[in-house]
Amino acid sequence: MVDAPQKHQSRRQTMLRLGWLALLMIAATVSTVTSQRVELHQSGDRVLAWDRVSITNPREGRGQSFIAPLPWPHLSSHESASAGRLFEDGQILGGANASHQQIRDLGMGRYSLWKDQIRFSSSDGTDVTTNGRSYELGQPAVWISRLGLASSVVMWILWVWLLVALAMSLLQLRTLAQRAIESRRVVALIVGDALVIASVCLGGLWYAAHLHASGDRVLFEQTTSIDVFQHELGHSFTAQLDHMQWDGQDGTSPAVVLENGIPLAHADAGHQAIRTLGAGRFSFWSDRVRFSTTDNTNPFRNGNHYAVRGPWPMPSWCVPTLRITTMITLLLAVVVVGVSRFRELVTRRPTWQQALRHAVAVSSLIVGFVIGGNLLRGVLPKPLGNLADAKRIYFTRAERPFDTVFLGTSRVYREIAPERFEQRLQAQGISCRAFNFGVSGMRALESRSVLRELLNEDKNHDLKWVFIETQPILWELSDSNLLNERMTRWHDTETLLDLAELYLSDPELDRRAKARAIGRRALAFSYRMSNLGIGSNAIQRWIEPGTSFEDRYESEMGPRGDGFYPLDIYLQTPTAKVSQPYVKRNEYYRESPKRFDGWVRQQTERLAAADTPSPVMLDLLADLSSMVKSHGATPIFFVGPALYPRHDLRVAEEQGVIEHLFRFHEPTEEPELHRFEVRFDGGHLNHEGALLLTDRIADRFIELLQQGVIEQ
Amino acid sequence: MIFTEARFLVFFAIAFGVHWMMRWHTGRKLWLLLCSYAFYAAWDWRFLSLIAASTLVDYVVGIRLGALTTEQTRARRVWLFISLLFNLGLLGVFKYYHFFMDSAVTILNNLGIGAEPSTLQIILPVGISFYTFQTMSYSLDIYFGCLKPTRNLLDLALFVGFFPQLVAGPIVRAREFLPQIRVPRLFSRIDVRACVVLFLIGFFKKACVSDNIAPIVDTYFADPASFDVLSAWLAVLFYGAQIYCDFSGYSDIAIASAGLLGYNLGDNFAFPYFASSIQDFWHRWHISLSSWLRDYLYIPLGGSRGSTLYRYRNLMLTMLLGGLWHGAAWRFVIWGGLHGLALIVHREWTARAPEAFRMHVAWRGTGVLITAIWVGLAWIFFRAPSLDAALTTAGAYAFGRSSGTETLPVSLIALLMFILLLHAIAYHRVFRPAWRGAPTWMFAGGVGIGVAIITAFAATEAAPFIYFQF
């Protein structure tokens with residue numbers, strides 16, 4: 001036994017030693033950071049201070065360039081890029097190591113240190129001999145560079161010292177550990193529980209870091225002043241961002257450029273737009289930022305301060321390190337707690353009756369939830385879901401039944417005008433009543449579910465022709481898509497089972513991918529099955545009888561209520577709730593007709609290089625076709641003029657899986673539909689284009705009717 | 001993080017699981033403190049520093065007060081003053097800065113002295129009114145000799161930051177909570193059924209009732225002048241239901257969560273709309289706040305001692321400050337004033353009316369009605385977005401004056417009746433014997449059905465708890 005004063009003394013010594021180790025650790029870390037900073041300073045990457053000397057006797061060169069003797073010839077860049085920088089009125093000019101041609105033609109602060117001369121230009125194209133500004137040449141301060149060796153030596157000494165101290169402490173710890181092991185309580189309670197807490201905390205940190213790194217939730221923001229920037233072209237200026245890549249996924253950057261602390265308005269602008277239009281447009285590209293000022297003034301001279309603000313660039317090792325550390329700590333926690341509890345479990349093993357009672361309770365809870373959920377689903381009215389629901393109700397409530405329906409994605413919703421279609425057929429003496437059943441974002445699997453619903457609703461079998469436009473199967477549900485209204489709406493039991501069958505039969509997916517995909521679908525299914533909000537929805541509708549499908553979706557059903565709403569017209573309505581990507585895509589598209597030409601060219605090339613379509617997709621197309629046929633209607637597939645190659649449909653047609661296919665996505669065959677003027681963006685037509693496409697579909701359809709290929 | 005969010009359920013499951021998995025008492029406390037700080041950090045981690053600072057200040061003040069003898073009055077007062085200054089200072093800066101500045105600017109401008117409104121923007125930290133009152137109660141209890149200071153900083157930090165009650169109460173007293181922290185909790189002593197039922201009831205009140213009726217109330221208060229008298233009544237009554245279900249729902253979840261972790265927070269609501277008088281109402285509504293105000297404000301002001309006028313002054317001051325505690329706006333002061341006025345009238349009535357008459361069933365029933373109507377009138381000032389809107393609504397509610405033509409759906413009356421029916425069922429504890437005596441499997445099945453009902457009727461657009469802003 002250790003008496004109390006001795007114990008107190010030992011604890012004090014331990015604390016002192018720990019304090020000393022911590023101090024050493026901090027000193028070693030500080031010296032490492034210092035040494036690294038000195039190294040960066042020497043290389044010119046991140047200069048801490050500058051030695052400066054005035055540039056004297058500049059004389060006029062060709063174009064915008066001026067030439068003066070180089071005060072420090074060792075900075076010449078004729079062999080390698082120079083670390084020397086030019087200062088104009090104390091501000092660094094960003095255009096170092098520019099070509100002499102650029103200095104002459106573009107100027108704007110470009111310069112070059114060449115042998116015994118400096119060739120430079122002023123930041124705003126003025127004459128350096130008369131503009132009254134001071135020009136100085138700077139090099140990384142020599143006195144800091146000299147610290148390099150000293151800081152390295154100190155660093156090594158401190159680390160060695162720390163390692164020795166750690167080793168000695170570990171030897172002492174062994175004695176402590178032995179003492180601790182003797183006391184089982186210490187191990188079981190303190191170490192085990194501390195490990196549990198540590199693993200949960202680390203897990204939380206790991207998750208937070210993962211969210212930050214993925215950009216889902218920014219935890220820390222960083223604002224960095226843009227002190228060194230250079231003119232690029234037109235209104236565009238660029239700056240290098242050290243260790244920061246903010247170009248973002250899907251072309252949307254999470255960062256902004258600040259002008260005097262206020263964010264510039266036009267993020268993610270095209271580089272051409274920054275150059276030609278300026279006015280505060282900016283873009284992050286790799287580790288650089290391109291920006292223009294709000295009033296297109298010269299940022300070198302307008303007196304404004306520029307900075308960039310974005311997510312803190314977390315080092316790439318953070319997330320994996322935290323993951324591994326969490327796993328190790330968790331494993332240790334499980335081992336320690338498990339060992340310490342093993343004895344307890346052995347002595348107080350729960351009886352089988354207890355275990356059974358718990359299992360029954362959990363099962364009862366689940367059964368209660370499922371029964372309750374099913375009862376409620378049966379009793380409560382169907383929720384006000386998405387556009388598909390609204391369209392289904394319009395379809396069923398129509399006074400004159402529809403005999404023609406267009407089913408598909410936004411390529412149908414925004415591009416097929418039923419009224420136009422009817423008129424076109426009417427002109428040929430064919431009567432029909434058409435309805436647009438397009439819903440934005442609908443994928444192939446969804447189409448099948450919606451088609452099944454639609455055919456069920458068509459109780460009198462009025463449908464004669466079903467035009468189907470499908471998108472490829474969306475195997476992997478993205479996070480943003482996982483629980484949205486549209487997705488959860490159609491994940492019923494039947495669809496889930498169908499999906500599971502499809503996934504399992506796909507030879508291209510490995511086992512892990514199949515499990516993951518089915519799991520995510522099951523999540524959407526469980527979300528639907530939990531009836532979340534359907535009661536609330538019913539209450540709202542009961543309270544306010546005006547809140548009906550018709551009222552709620554009137555604005556989205558199109559001016560004629562036939563489900564057609566072209567994007568360009570829809571966007572002009574004040575109640576438009578179109579998603580931001582549409583607007584952005586449209587802006588991006590409008591910026592350059594040339595870009596669209598490029599896309600069309602690419603599309604032509606992609607169409608030439610056909611690949612093998614997924615067998616599952618072919619099965620699905622066959623399924624869609626047979627569903628319509630067994631209903632007594634004729635399925636007609638079509639591909640809109642979106643810039644996606646659809647080999648699956650072509651192959652399906654060639655193999656006889658589907659009988660009728662109208663293709664409009666080949667620029668060479670349908671040049672009219674691939675003109676810049678008839679399009680809203682790369683994937684959609686505008687109103688004019690929509691009418692044109694409807695005409696083209698109607699014409700082909702009439703042709704088939706007249707040839708007798710399709711029955712009237 | 002809102003109690004009715006899925007992430008809270010995950011968070012609580014982890015907090016609960018790890019808490020009971022651990023055996024080391026200090027480790028458990030440390031874990032709960034970590035959870036509490038993480039819970040708060042989910043809103044804004046920067047304001048954790050305020051909680052930590054408030055804890056530290058009262059820790060030091062508590063120890064100093066404990067070290068001083070009762071004779072050292074001056075020194076004790078100085079230390080108490082430090083605690084009050086710090087905590088009320090926090091409230092003053094973060095909660096009342098804009099209120100006082102704007103009021104001062106208005107007064108100066110009315111006097112013809114030009115004054116510019118403040119451009120300084122101060123964010124109101126969530127739950128500041130609750131945790132500052134808790135820390136103050138700690139120092140005050142030590143000062144009044146009701147509590148011995150704790151030397152364990154962890155205990156005090158957990159008392160202040162305990163996540164179930166951190167952001168919207170109940171306001172727990174140190175003398176009730178600290179003794180619980182000191183003793184290791186035992187899972188076997190927890191009434192799991194009662195906690196689970198309370199959790200579900202709280203969830204239902206908030207997600208299924210309060211959140212569903214919030215849009216009705218919002219619709220009315222967006223433009224009260226355009227609605228007729230019936231709509232004003234409906235909106236006020238619905239707001240009464242909304243705020244009750246919102247706040248008592250939060251309290252229920254908080255009490256149930258704390259209960260599942262082994263801690264008792266005490267009751268905070270006892271069917272206040274069945275109160276037969278305004279005094280009874282305050283014994284049933286936000287009990288932890290009303291008892292706090294009684295013990296630390298009303299009684300130190302003199303309480304019921306002294307002349308009638310003196311007593312009524314104390315009562316009115318307490319209610320006015322209670323109103324101001326709820327929000328930094330004159331509307332809340334008026335709300336407090338209306339309750340103060342009602343309490344004074346009630347006292348006068350109690351003193352004059354014969355007891356037999358007051359205790360008669362018929363009169364008690366009438367009392368319930370009068371109290372509910374008066375409380376409704378006061379709620380108008382609590383909810384209305386501005387004083388003008390409040391006066392317009394009050395005009396329609398109290399005097400039947402409204403030029404508005406729009407009307408809220410009449411079907412709302414049926415909904416209101418249904419909510420009242422649910423409330424009455426809960427009041428009479430109709431299902432209590434059933435879930436108390438049911439076998440485990442049946443209880444679990446019932447919980448499953450309850451969860452199914454809640455998920456179906458939960459509003460998909462959850463609003464934050466109303467009391468978060470206080």
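# A tour of two chains

A search of the whole structure finds 30 salt bridges over all chains. A salt bridge here is a side-chain nitrogen of Lys or Arg within 4 Å of a carboxyl oxygen of Asp or Glu. Before you click, note that this is a predicted model, in which local features need pLDDT of at least 70, side-chain atom pairs count only at pLDDT 80 or more, and totals for chains, interfaces and linings use all residues. Residues are numbered from 1 along each chain as its sequence is written, chains are lettered from A and ligands numbered from 1 in the order in which they are written, and side-chain values use heavy atoms, with hydrogens and water left out.

**Stop 1: salt bridges**

Select R700(A) and E670(A). Their side chains form a salt bridge, with N and O 2.7 Å apart. R700(A) sits in helix 23 (residues 687-707) of chain A, and E670(A) in the loop between strand 21 (661-663) and helix 23, so the pair ties together parts that are 30 residues apart in sequence. Helices (H or I, at least four residues) and strands (E, at least two) are DSSP runs, numbered from the N terminus. Which of the two is buried: E670(A) or R700(A)? E670(A) is buried, with a relative accessible area of 3%. R700(A) is partly exposed, at 22% relative accessibility. The cut-offs: buried means under 20% relative accessible area, exposed over 50%, partly exposed in between (1.4 Å probe, protein chains only).

Now select D246(B) and K206(B). They form a salt bridge whose closest N and O atoms are 3.0 Å apart. D246(B) is in helix 11 (residues 229-260) of chain B and K206(B) in helix 10 (residues 192-222) of chain B, so this bridge ties together parts that are 40 residues apart in sequence. Both D246(B) and K206(B) are buried.

Next, pick R284(B) and D280(B). Their salt bridge spans 3.1 Å, N to O. Both belong to helix 12 (residues 278-284) of chain B, four residues apart, about one turn of the helix. R284(B) counts as buried at 16% relative accessibility, and D280(B) counts as buried at 18%.

Then jump to chain A. Select R448(A), R452(A), E494(A), D498(A) and D623(A). Salt bridges that share partners join these residues into one network.

**Stop 2: the nonpolar cores**

Select F8(B), F159(B), F163(B), F238(B) and W285(B). These have the most contacts inside the largest nonpolar core, which has 155 residues. A nonpolar core is a set of buried Ala, Val, Leu, Ile, Met, Phe, Trp, Tyr and Cys residues joined through side-chain atoms within 4.5 Å. Helix 11 of chain B gives the most to this core, with 18 residues.

Zoom in on F8(B). What is it in contact with, leaving aside neighbours within four places in sequence? The partners of F8(B) are M1(B), I2(B), F3(B), F39(B), F163(B), F199(B), I253(B) and S257(B). Contact means heavy atoms within 4.5 Å.

**Stop 3: a loop in chain B**

Select S276(B). This residue lies in the loop between helix 11 and helix 12 of chain B. S276(B) is buried, with a relative accessible area of 18%. Not counting residues up to four places away in sequence, S276(B) touches R364(B), G367(B), V368(B) and T371(B).

**Stop 4: where the chains meet**

Show both chains. At the interface, 33 residues of chain A are in contact with 37 residues of chain B. The area buried between the chains is about 2900 Å², with carbon and sulfur atoms giving 73%. Buried area is the accessible area (1.4 Å probe) that two parts lose on being put together, summed over both.

Highlight I197(A), W542(A) and I543(A). They supply 18% of the area that chain A buries against chain B, more than any other three residues. How many salt bridges cross the interface of chain A and chain B? The rule finds zero.

Colour helix 7 (352-379) of chain A, one of the helices that supply at least two residues each to the side touching chain B. Helix 7 of chain A gives the most to that side, with nine residues.

**Last stop: confidence**

Colour by pLDDT, the predictor's confidence in each residue, from 0 to 100. Chain B has a mean pLDDT of 83, and 93% of its residues reach 70 or more. Among the elements of chain B, helix 5 (residues 97-110) has the lowest mean pLDDT (69) and helix 11 the highest (90). For the complex, the predictor gives an ipTM of 0.77 and a pTM of 0.66.
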